[in-house]
Amino acid sequence: MAHGSVTFRDVAIDFSQEEWEFLDSAQRDLYRDVMWENYSNFISLAEPSISKPDVITLLDEGKEPWMVVREGTRRHCSGE
């Protein structure tokens, strides 16, 4: 049985701005914790040269993760 490579995008969870606004603060905190744990686990198994995903960078900066748009059109929608 052949196994393919797993990327961080395979384990990441994306929310739209509308979906994010429905989450309460405890759910947002849980999201941040889970995404950080997924990233930590992923990076421990990945090549050292892998770049930090946009969603993790946004969480580092205290920004809302819905600002990340999927595949190919990753741009910040914060009015910058």
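**Exercise 1. Salt bridges**

How many salt bridges does a search of the whole structure find? Work through the pairs R28 and E64, R32 and D29, and K63 and E61.

*Solution.* 

Step 1. The search of the whole structure gives 4 salt bridges. The structure is a predicted model. Side chains of opposite charge can pair when their charged atoms come close. The cut-off to apply is a Lys or Arg side-chain nitrogen within 4 Å of a carboxyl oxygen of Asp or Glu.

Step 2. Take R28 and E64: their side chains meet at 3.8 Å, N to O. E64 has a relative accessibility of 29% and counts as partly exposed.

Step 3. Take R32 and D29: the closest N and O atoms are 3.7 Å apart. Both residues sit in helix α3, 3 residues apart, which is about one turn of the helix. R32 is partly exposed at 25% relative accessible area, and D29 is partly exposed at 43%.

Step 4. Take K63 and E61: the closest N and O atoms are 3.3 Å apart. K63 has a relative accessible area of 24% and is partly exposed; E61, at 47%, is also partly exposed.

**Exercise 2. An aromatic pair**

Classify the ring pair of F15 and Y31 as stacked, tilted or edge-to-face, and state which parts of the chain the pair ties together.

*Solution.* 

Step 1. Ring centres must lie within 6.5 Å to count as a pair. By this rule there are 6 aromatic pairs.

Step 2. For F15 and Y31 the ring centres are 5.3 Å apart and the planes stand at 65°. An angle over 60 degrees counts as edge-to-face, so F15 and Y31 form an edge-to-face pair.

Step 3. F15 lies in the loop between α1 (8-11) and α2 (17-22), while Y31 lies in helix α3 (residues 25-45). The pair therefore ties together parts that are 16 residues apart in sequence.

Step 4. Compare the accessibility of each partner. Buried means under 20% relative accessible area. Y31 is buried at 7%, whereas F15 is partly exposed at 24%.

**Exercise 3. The nonpolar core and F8**

Which residues make up the largest nonpolar core, and with which residues is F8 in contact?

*Solution.* 

Step 1. The largest nonpolar core has 11 residues: F8, A12, W20, L23, Y31, M35, Y39, F42, V55, I56 and L59.

Step 2. Assign the core to elements. Two or more residues come from each of α3 and α4 (54-60). The largest share, 4 residues, belongs to α3.

Step 3. List the contacts of F8, setting aside neighbours within four places in sequence: M35, N38, Y39, F42, P53, V55 and I56.

Step 4. Check the aromatic residues. F8 forms one aromatic cluster with W36, Y39 and F42.

**Exercise 4. A loop residue**

Where is S16 placed, and how many residues separate S16 from P65 in sequence?

*Solution.* 

Step 1. S16 is in the loop between α1 and α2. Its relative accessibility is 32%, and S16 counts as partly exposed.

Step 2. S16 and P65 are 49 residues apart in sequence. In space, their C-alpha atoms are 8.6 Å apart.

Methods
Residues numbered from 1 in each chain as written. Predicted model: local features only at pLDDT ≥ 70, side-chain atom pairs only at ≥ 80, totals over all residues. Heavy atoms only, no water. Phe/Tyr/Trp six-rings, centres within 6.5 Å; stacked < 30°, edge-to-face > 60°. Buried < 20%, exposed > 50% of the residue type's maximum accessible area, 1.4 Å probe, protein only. Core = buried A, V, L, I, M, F, W, Y, C linked by side-chain atoms within 4.5 Å. Contact = heavy atoms within 4.5 Å.
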